[in-house]
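Here is a short briefing to read alongside the structure. Please keep the model open as you go through the points.

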Amino acid sequence: MIEAVATEHIRHAERPLLDAGAPLMAHVAFAVAQRVRHELSARTGEVGGRRVVVLVGSGNNGGDGLFTAAHLARAGVRTLAVTVAPKVHAEGLEAARRAGVVVVSSASSARDSQDALSPGAAAREALAADVVVDAMLGIGAQGALRGAGGAIVRAVNRQRPRRGGPFVVAIDVPSGIGVDDGTVPGPVLRADLTLACGSPAPGLLLPPAAHLAQDVDVIDTGLDLSGATSKVLRLEDADVATLWPRALPEHDKYRRGVVGVVAGTRAYPGAAVLATGAAVRSGAGMVRHVGADDVTRAVLAAHPEVVHGTGRVQAWVVGPGLDTEDAAQLRQVDVALAEAGLGPGAYFSGAGVWGDGGSDGIVPVVVDAGALSRLPERCAPWIVLTPHAGELARLLTERGVAVDREQVESAPAEHAATAQRLTGATVLLKGATTVVVGPGQVLSQAEAPAWLATAGAGDVLAGLLGTLLAGRSREAVQHPDLVARLAALAALVHGRAATEANPGGPVSASMVVEALPRTIARLLAD
Ligand SMILES: NC(=O)C1=CN([C@@H]2O[C@H](COP(=O)(O)OP(=O)(O)OC[C@H]3O[C@@H](n4cnc5c(N)ncnc54)[C@H](OP(=O)(O)O)[C@@H]3O)[C@@H](O)[C@H]2O)[C@H](O)CC1
Ligand SMILES: [K+]
């Protein structure tokens with residue numbers, strides 16, 4: 001599991017080390033220079049004589065960059081440091097000059113001096129370099145990257161080819177991202193490699209900033225972050241076996257978990273086929289489909305092991321392909337939501353519909369697509385909402401926070417957290433990077449290949465999550481912390497299955513369903 005702790009905790013953990021005189025900046029600079037030398041050598045076959053441009057800001061991030069530049073110059077690299085602020089780290093500047101780094105300034109105050117370089121000219125230098133080191137801003141960033149740094153980045157971004165061009169190494173974070181919320185308030189230089197200092201900042205894991213920091217490595221600076229409470233988590237493949245509901249020999253199909261799926265209509269039978277298929281193929285003990293007869297016929301034709309009609313379940317999946325005009329199906333959604341135990345006497349225990357599924361008969365529910373409009377005012381955290389950005393915008397607007405899809409996409413973590421607060425449910429916000437927010441928890445998963453943005457993928461995710469919640473139904477209700485992790489686990493496995501279905505190429509939702517059993521087996525064996 002990767003843990004990104006809030007920057008206030010990073011600051012807090014740095015303080016005692018800095019007070020004790022620990023040479024953290026020297027350590028960071030040495031590690032960055034090593035990686036840059038490695039990249040130069042891997043990409044060009046040599047280090048001496050290659051060209052590196054270091055973009056240097058006013059704070060300690062700039063200090064890291066200047067000491068890095070000094071190391072590189074001493075290794076024979078032709079190193080140009082471009083300062084983007086009138087004042088930069090004094091000792092770093094002296095070290096860089098002493099080592100033979102050429103230092104120029106793009107800050108507006110330096111315009112008339114001999115060592116001045118316009119932002120446009122600095123951008124051209126950067127584009128012609130083998131490696132660019134982005135040391136303009138770290139965790140001290142406030143808002144959009146201003147001044148010369150912003151101008152240089154805008155100019156580079158206009159001309160930087162998607163492939164080829166300089167390899168960009170960001171120190172700590174790509175300068176100018178929202179370090180705690182993952183927003184992108186202004187120009188940012190996309191990093192090919194980000195070397196986080198001590199701990200990754202949350203913005204490195206959260207979209208949309210996460211997409212500008214693809215490959216993140218951590219330089220260990222010895223920070224003690226054990227007391228950090230505010231963090232963003234990312235599950236890794238190694239976490240799958242720990243969280244996955246175990247298939248034990250003594251389990252019958254009921255104890256493995258029965259998933260009830262309320263999905264699909266005559267207009268959209270495919271959603272039911274995909275959601276039930278994903279539940280079946282991810283290892284549910286049994287899957288029930290509740291819907292119109294001809295939809296169930298389509299489901300059974302694809303997955304004969306699915307059972308038609310209501311009965312005892314350990315988790316519900318409601319909403320994929322739902323017809324909001326279909327009163328019978330909507331009633332069934334309400335029944336499922338009631339079984340999540342939404343209030344005294346609210347859950348349904350009528351004949352033939354349910355038994356003692358989870359804790360005291362309460363069961364988790366995945367609420368997708370059309371069913372999102374059926375939510376009660378307050379939800380339990382074992383109700384997992386799985387909206388995409390447009391659906392989340394609608395849900396928030398209905399609850400008095402007027403936002404549109406673009407606003408959600410520009411700050412997904414913030415809006416998912418607002419929805420979590422307003423509903424009480426766990427919120428899984430789908431996207432290229434999926435964000436999950438439960439009470440006091442934020443997770444982000446980025447396994448999905450771009451090809452997974454395809455019709456029906458959400459139905460597959462909902463069915464898969466249904467299996468996970470059914471398999472750990474009682475625990476999910478008793479320990480709601482687990483719910484957000486299971487939701488993140490579903491996103492991880494969904495993304496991996498999509499990749500394994502056709503590495504590097506197009507996938508359909510059906511292909512992802514097909515791939516699930518072997519992907520899960522591989523992850524459990526790892
Ligand atoms: N974690 C560790 O173990 C270590 C981390 N290190 C590095 O230190 C930085 C944090 O350094 P800090 O000086 O606190 O912050 P920054 O380098 O990010 O710079 C903040 C200054 O930048 C200016 N600023 C703020 N926002 C903007 C903006 N939007 N545009 C332009 N300029 C901005 C501001 O200065 P002003 O003079 O303009 O007010 C800030 O003061 C961390 O990220 C690591 O890289 C250490 O090396 C030790 C080990
Ligand atoms: K940086």
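**R190 and its partner**

R190 is buried, at a relative accessible area of 16%. The model is predicted. R190 pairs with D192 in a salt bridge, with 3.8 Å between the closest N and O atoms. D192 is partly exposed, because its relative accessible area is 24%.

**Other salt bridges**

- The count of salt bridges comes to 19.
- D217 and R35 form one of them, and their closest N and O atoms are 2.6 Å apart.
- D217 sits in strand β8 and R35 in helix α2 (residues 24-44), so this pair ties together parts that are 182 residues apart in sequence.
- D217 is partly exposed, with 31% relative accessibility.
- R35 is also partly exposed, at 24% relative accessibility.
- R405 and E409 form a salt bridge through their side chains, at 3.2 Å from N to O.
- R405 and E409 lie four residues apart in helix α13 (residues 405-410), so about one helical turn separates them.
- R405 counts as partly exposed because its relative accessibility is 40%.
- E409 counts as partly exposed too, at 38% relative accessibility.
- Through salt bridges that share partners, R35, E39 and D217 join into one network.
- As a general point, side chains of opposite charge can pair when their charged atoms come close.

**Two domains**

- The protein divides into domain 1 (2-229) and domain 2 (238-525).
- Seven residues from domain 1 and 10 residues from domain 2 take part in the contact.
- The centres of domain 1 and domain 2 are separated by 41 Å, taken over C-alpha atoms.

**The largest pocket**

- The volume of the largest pocket is about 1100 Å³.
- The lining has 42 residues, and those closest to the pocket centre are G431, A432, T433, T434 and A448.
- Which kinds of residue make up the lining of the largest pocket? They divide into 21 nonpolar, 11 polar and 10 charged.
- Domain 1 (2-229) and domain 2 (238-525) each give at least three residues to the lining of the largest pocket.
- β8 (216-219), α12 (389-398), α15 (457-471) and α17 (481-501) each supply at least two residues of this lining.
- Helix α15 gives the largest share, with four residues.

**A228**

- Where is A228 placed? A228 is in the loop between β8 and β9 (231-234).
- A228 touches V5 and H9, leaving out residues up to four places away in sequence.
- A228 and E8 are 220 residues apart in sequence, yet their C-alpha atoms are 9.0 Å apart in space.

How values were computed: Residues numbered from 1 in each chain as written. Chains lettered and ligands numbered in written order. Predicted model: local features only at pLDDT ≥ 70, side-chain atom pairs only at ≥ 80, totals over all residues. Heavy atoms only, no water. 1 Å grid on protein atoms, 1.4 Å probe; cavity = no way out; pocket = protein on both sides within 12 Å on 5 of 7 lines; lining within 4 Å. Points joined across faces, edges and corners; volume = space filled by probe spheres on them. Nonpolar A, V, L, I, M, F, W, Y, C, P; charged D, E, K, R; others polar. Domains from an automatic or database assignment. Salt bridge = Lys/Arg side-chain N within 4 Å of Asp/Glu carboxyl O. Buried < 20%, exposed > 50% of the residue type's maximum accessible area, 1.4 Å probe, protein only. Contact = heavy atoms within 4.5 Å.
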